[in-house]
Amino acid sequence: PALGPQDALVPVSQNALFGMGNPLLDISAVVDKDFLDKYGLKPNDQILAEEKHKALFDEIVKKSKVEYHAGGSTQNSVKIAQWMIQEPHKVATFFGCIGTDHFGEILKQKAAEAHVDAHYYEQSQEPTGTCAACITGDNRSLVANLAAANCYNKEKHLDVDCNWSLVEKARVYYIAGFFLTVSPESILKVAKHASDSNKIFGLNLSAPFISQFFKEPLMKVMPYVDIVFGNETEAATFAKEQGFETEDIAEIARRVQSLPKVNKNRQRIVVFTQGREDTVATVGDKVKIFPVLDIDQNDIVDTNGAGDAFVGGFLSELVQEKPLEECIRAGHYAANVIIRRVGCTFPEKPDFH
């Protein structure tokens, strides 16, 4: 259906969506089994880089069809949100730390191509963070090296007036839980600002290890969180760590919703995706299920980035003040597009109505 005249009057403003996280450059190339064996990699895996993988990064960039995609969970999500919105450009702002190097330049270029307003903290102590995606057939082995991403500095970047003014311009905030390992104090500052200003702050549980080993910073920010995202595994781990004594995902969503909250003007929303199973979300005092879009197993190329894409689609509608049901529908659409492609990449324009 065509947009009504009232829709034309309220375009979403620039910098309305703010994201902060670990900017990583995904370096993907098709490799052979010898390459995997040489570096002791399994065909389908996700690991953190060790000393023995140093040469892997030098070698993979020399492959004939190497592709560079800007990655990192939060950056993926804000990029997808921007893609869904299309116009105006720079609705999405992104902060994170990179190195003063070639890979950092590529990240800047890729963010610009995606029309995201990226303001990186640049330092020369550590190189730009990377994630090597070694592809063999339908498999990909991921090797992540955080490096510079781990050097984000609140005082030297977030607190600087010209940067903080961009934070203040936003009305929706999103940070993946992964960033809790880097700068919990930055997350708290942004979350408190959102809460004090009655704006919306979203956080992703991101991975089981966040709920397990970064419980303290996670629970310190939780009272300021308006929307909690996660998948079924992360939800179960969080419930276990918090002593909920239930494995029922709807009950976990309820319990997470009722955790202490500072801004009482907004009831917390909890959204748990479950891969091909229904998405579970709190709607007011109820928990509802939302079926995902059907997809033929043969059309799934790469489920990596599906969670990031779901959040991106969700945020694109949220920032336009659409109802929860629409946000979830957009999340399902974006995830459905992304899993048909390698990496967190997307076609030129979305086809979402």
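**Charged pairs and cores**

Arg254 forms a salt bridge with Glu251, with the closest N and O atoms 3.0 Å apart. This is a predicted model. Both residues sit in helix H12, three residues apart, about one turn of the helix. Arg254 is partly exposed at 35% relative accessibility. Glu251 is partly exposed too, at 27%.

Side chains of opposite charge can pair when their charged atoms come close. The structure holds 14 salt bridges. One of them joins Lys261 to Asp226, with the closest N and O atoms 2.7 Å apart. This pair links distant parts of the chain, 35 residues apart. Lys261 lies in the loop between helix H12 and strand E12, and Asp226 in the loop between helix H10 and strand E11. Lys261 counts as buried because its relative accessibility is 11%, under the 20% cut-off. Asp226 is buried as well, at 3%.

Glu317 and Lys322 also meet, at 3.4 Å from N to O. Here Glu317 is buried at 6%, whereas Lys322 is partly exposed at 33%. Elsewhere, Glu105, Lys108 and Glu122 form a network of salt bridges.

The largest nonpolar core has 52 residues, and Leu17, Leu56, Cys134 and Phe314 touch the most other members. Helix H13, residues 306–318, gives the most to this core, with five residues. Apart from it lies another core of 46 residues, including Trp164 and Val228.

Helix H13 also holds Asp308. An unreviewed UniProt entry annotates Asp308 as "active site". Asp308 is buried, at 14% relative accessible area. Its contacts include Ser73, Asn76, Ser77 and Cys344.

Note on methods:
Residues numbered from 1 in each chain as written. Predicted model: local features only at pLDDT ≥ 70, side-chain atom pairs only at ≥ 80, totals over all residues. Heavy atoms only, no water. Core = buried A, V, L, I, M, F, W, Y, C linked by side-chain atoms within 4.5 Å. Buried < 20%, exposed > 50% of the residue type's maximum accessible area, 1.4 Å probe, protein only. Helix = DSSP H or I, 4+ residues; strand = E, 2+ residues; numbered from the N terminus. UniProt positions renumbered as here; feature names shortened; annotations may be inferred. Contact = heavy atoms within 4.5 Å. Salt bridge = Lys/Arg side-chain N within 4 Å of Asp/Glu carboxyl O. Lists of a residue's contacts leave out its neighbours within four places in sequence.
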